[in-house]
Amino acid sequence: MTNQPHKPQHADAIEQKKATAPKLRGCRYVPRWIGGVLCYIAFGLGGRLCSLTILPILQLWPAKPNLRVARVQRLVSGMFRASVAMLSFAGVITVNTKNIETLQQAKGQIVIANHPILVDVVILISLMPNAGCIVKQGLWRNPFIRGVLASAGYIPNRGANWLLDDCLQVLQTDTNLIIFPEGTRTLTGNIVNPFARGAANIALRTQTDILPVVLRTDVAGLTKQQAWYQIPRQTINMSVEIGTSMSYLLYDVKQGNEAKMARQLTRDLQQFYLDTLKQPIKSH
């Protein structure tokens with residue numbers, strides 16, 4: 001994996017939007033705020049409605065368990081595409097992609113990404129028909145999305161040994177596993193937060209390649225320091241840049257003990273993101 005920055009598709013359009021997108025004030029901001037909040041409400045109610053209607057049908061439809069999970073994953077991806085479309089219509093965010101075919105064709109890889117805004121995972125899953133992720137235990141108690149999480153084969157963040165077994169089982173079904181090495185959204189003022197070793201440990205112990213995705217945003221919004229209802233006054237233009245898959249074999253434990261290799265891989269991944277995100281988006 002090289003440290004060369006990727007030029008996003010439609011980068012010239014992004015630059016133009018950065019210069020022209022207005023920062024809404026006063027009454028002009030009210031429709032944006034209402035639209036953004038309604039998107040979140042629709043997302044929650046849609047998940048609950050699917051749990052009670054479509055998901056039971058997909059689960060009962062005759063097929064092997066892996067095929068049933070794959071059906072739900074495609075449904076969730078479609079639901080998330082609809083959510084991103086609503087957010088775009090409301091003027092909250094626009095999404096531009098680079099080398100998206102690489103992401104859509106990936107199978108059984110660990111997809112890592114930096115984490116600048118609240119809806120990063122929604123955007124990534126909307127672009128992938130076969131995505132899973134590790135979910136906080138608390139969300140499994142949420143009645144609005146619990147059914148979706150379980151049916152899509154998502155992984156609860158429980159004990160380390162169970163987590164590793166769950167990850168291996170999911171990856172072996174050709175599902176891609178999304179992990180944010182920062183652990184939480186990037187703090188304002190940071191390029192990235194310090195990376196945890198979780199992604200590296202899972203990659204090495206399950207012998208799985210890593211596909212890096214770089215998320216760039218042009219204005220601050222939906223950050224860790226803001227509440228979900230603080231809808232940005234200026235449209236967030238995000239570019240999704242797909243990097244080159246990185247083989248776990250480059251960090252074969254034969255070169256050193258497993259913990260040492262995980263630390264080295266984590267440092268290299270963090271440096272890749274630091275180097276890439278420091279580069280400006282250039283127009284064609």
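Reader: What makes the pair formed by the backbone nitrogen of His-115 and the side chain of Glu-182 a polar contact?

Author: Keep in mind that this is a predicted model. The cut-off is 3.5 Å between N or O atoms, and the backbone nitrogen of His-115 lies 2.7 Å from a polar atom of the Glu-182 side chain. So that pair falls within the cut-off. The Glu-182 side chain also has a polar atom 2.6 Å from the backbone nitrogen of Asn-193.

Reader: How do you know that Glu-182 has no salt bridge?

Author: A salt bridge needs the charged atoms within 4 Å. For Glu-182, the nearest side chain of opposite charge is Arg-185, and that is 10.0 Å away. Therefore no salt bridge is counted, although Glu-182 is buried. You'll find Glu-182 in the loop between E5 and H9.

Reader: Why is Asn-99 called partly exposed?

Author: Its relative accessible area is 35%. Buried means under 20% and exposed means over 50%, so Asn-99 lands in between. Asn-99 sits in the loop between strand E1 (93-98) and helix H5 (100-105). Asn-99 and Glu-241 are 142 residues apart in sequence, yet 6.8 Å apart in space, C-alpha to C-alpha.

Reader: And what lines the largest pocket?

Author: There are 43 lining residues, and His-115 is one of those nearest the centre. H2 gives the most, with seven residues. By class, the lining has 31 nonpolar, nine polar and three charged residues. The volume of this pocket is about 1500 Å³.

Key
Residues are numbered from 1 along each chain as its sequence is written. This is a predicted model: local features need pLDDT of at least 70, side-chain atom pairs count only at pLDDT 80 or more; totals for chains, interfaces and linings use all residues. Side-chain values use heavy atoms; hydrogens and water are left out. On a 1 Å grid over the protein atoms alone, a cavity is a set of points where a 1.4 Å probe fits but cannot get out, and a pocket is an open set with protein on both sides within 12 Å along at least five of seven lines; lining residues have an atom within 4 Å of a point. Grid points are joined across faces, edges and corners, and a volume is the space filled by probe spheres set on the points. Helices (H or I, at least four residues) and strands (E, at least two) are DSSP runs, numbered from the N terminus. Ala, Val, Leu, Ile, Met, Phe, Trp, Tyr, Cys and Pro count as nonpolar, Asp, Glu, Lys and Arg as charged, and the others, Gly among them, as polar. Buried means under 20% relative accessible area, exposed over 50%, partly exposed in between (1.4 Å probe, protein chains only). Lys and Arg count as positive and Asp and Glu as negative; His and the chain ends are not counted. A polar contact is a pair of N or O atoms within 3.5 Å; within protein, one must be able to donate a hydrogen and the other to accept it, and residues adjacent in sequence count only if both atoms are side-chain atoms.
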